[in-house]
Amino acid sequence: MIRILLAEDETAMRTYLSRALENAGYEVVSVDRGTAAVPLLETQHFDLLLSDIVMPEMDGIELAQRCGEISPATKVMFITGFAAVTLKANREAPQARVLSKPFHLRDLVLEVERVFSDAPFAGNGQPLR
């Protein structure tokens with residue numbers, strides 16, 4: 001089973017995303033900040049880090065960089081509601097996919113599936129970088 005580490009600081013969004021991914025058949029471990037995700041990356045195996053970009057203590061980009069050092073095989077996907085942050089993410093973590101809020105749960109599940117099939121397009125038909 002594919003294991004996903006979800007880092008999202010908004011409680012309602014974290015619960016919503018966890019439930020959707022679990023219903024799609026993924027095992028999800030969720031945390032409310034990047035600093036809580038790092039020890040998990042150090043001690044457990046995850047196939048995907050799904051992270052909000054804007055979070056307290058450690059943003060998603062820094063978390064993705066730490067993930068690359070700790071667990072280079074773990075794929076990274078960002079979720080964000082900020083267009084300017086998306087541009088920064090594309091520059092600083094070019095191998096990561098970015099899904100912009102708002103999105104439908106089916107788009108999230110499709111993007112996670114694509115991460116593991118290496119398909120190049122988002123659920124809305126837009127290329128991801």
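**Helix packing and nonpolar cores**

The model described here is predicted. H1 spans residues 11-23 and H5 residues 105-117. Their axes come within 10 Å and cross at roughly 60°. H1 is therefore oblique to H5. The crossing of H1 past H5 is right-handed.

In soluble globular proteins, nonpolar side chains tend to be buried together. The largest nonpolar core in the model contains 20 residues. Those with the most contacts inside this core are Leu5, Val31, Leu41, Leu49, Leu63, Val76 and Phe78. Two strands, S1 (3-7) and S4 (75-80), each supply at least two of the core residues. Helices H2 (34-43) and H3 likewise each supply at least two. Leucine 49 touches Leu5, Leu63, Ala64, Cys67, Thr74, Lys75, Val76 and Met77, with residues up to four places away in sequence not counted. Another core, of 16 residues, lies apart from the largest one. Among its residues are Leu50, Met77, Leu99 and Val115.

Helix H2 has the buried residues Gly34, Ala37, Val38, Leu40 and Leu41. Their cover includes strand S1, strand S2 (27-31) and helix H3.

Isoleucine 70 belongs to helix H3, which covers residues 60-70. Beyond residues up to four places away in sequence, isoleucine 70 touches Val38, Leu41 and Glu42. Val38 and Leu41 are among the buried residues of H2. Proline 39 is 31 residues from isoleucine 70 in sequence. The C-alpha atoms of these two residues are 9.8 Å apart.

Serine 51 is located in strand S3, residues 48-52. With a relative accessibility of 0%, serine 51 counts as buried. Its contacts, leaving aside neighbours within four places in sequence, are with Ala7, Gly60, Leu63, Met77, Phe78 and Ile79. Of these, Leu63 and Phe78 are listed among the residues with the most contacts inside the largest core, while Met77 belongs to the 16-residue core. Aspartate 32 lies 19 residues from serine 51 along the chain. The C-alpha separation of serine 51 and aspartate 32 is 9.8 Å.

Technical notes. Residues numbered from 1 in each chain as written. Predicted model: local features only at pLDDT ≥ 70, side-chain atom pairs only at ≥ 80, totals over all residues. Heavy atoms only, no water. Axes fitted to C-alpha atoms, helices over the stretch in contact; angles between N-to-C directions. Helix = DSSP H or I, 4+ residues; strand = E, 2+ residues; numbered from the N terminus. Parallel < 35°, antiparallel > 145°, perpendicular 65-115°, else oblique. Left-handed = near helix turned anticlockwise from the far one by under 90°. Contact = heavy atoms within 4.5 Å. Core = buried A, V, L, I, M, F, W, Y, C linked by side-chain atoms within 4.5 Å. Buried < 20%, exposed > 50% of the residue type's maximum accessible area, 1.4 Å probe, protein only.
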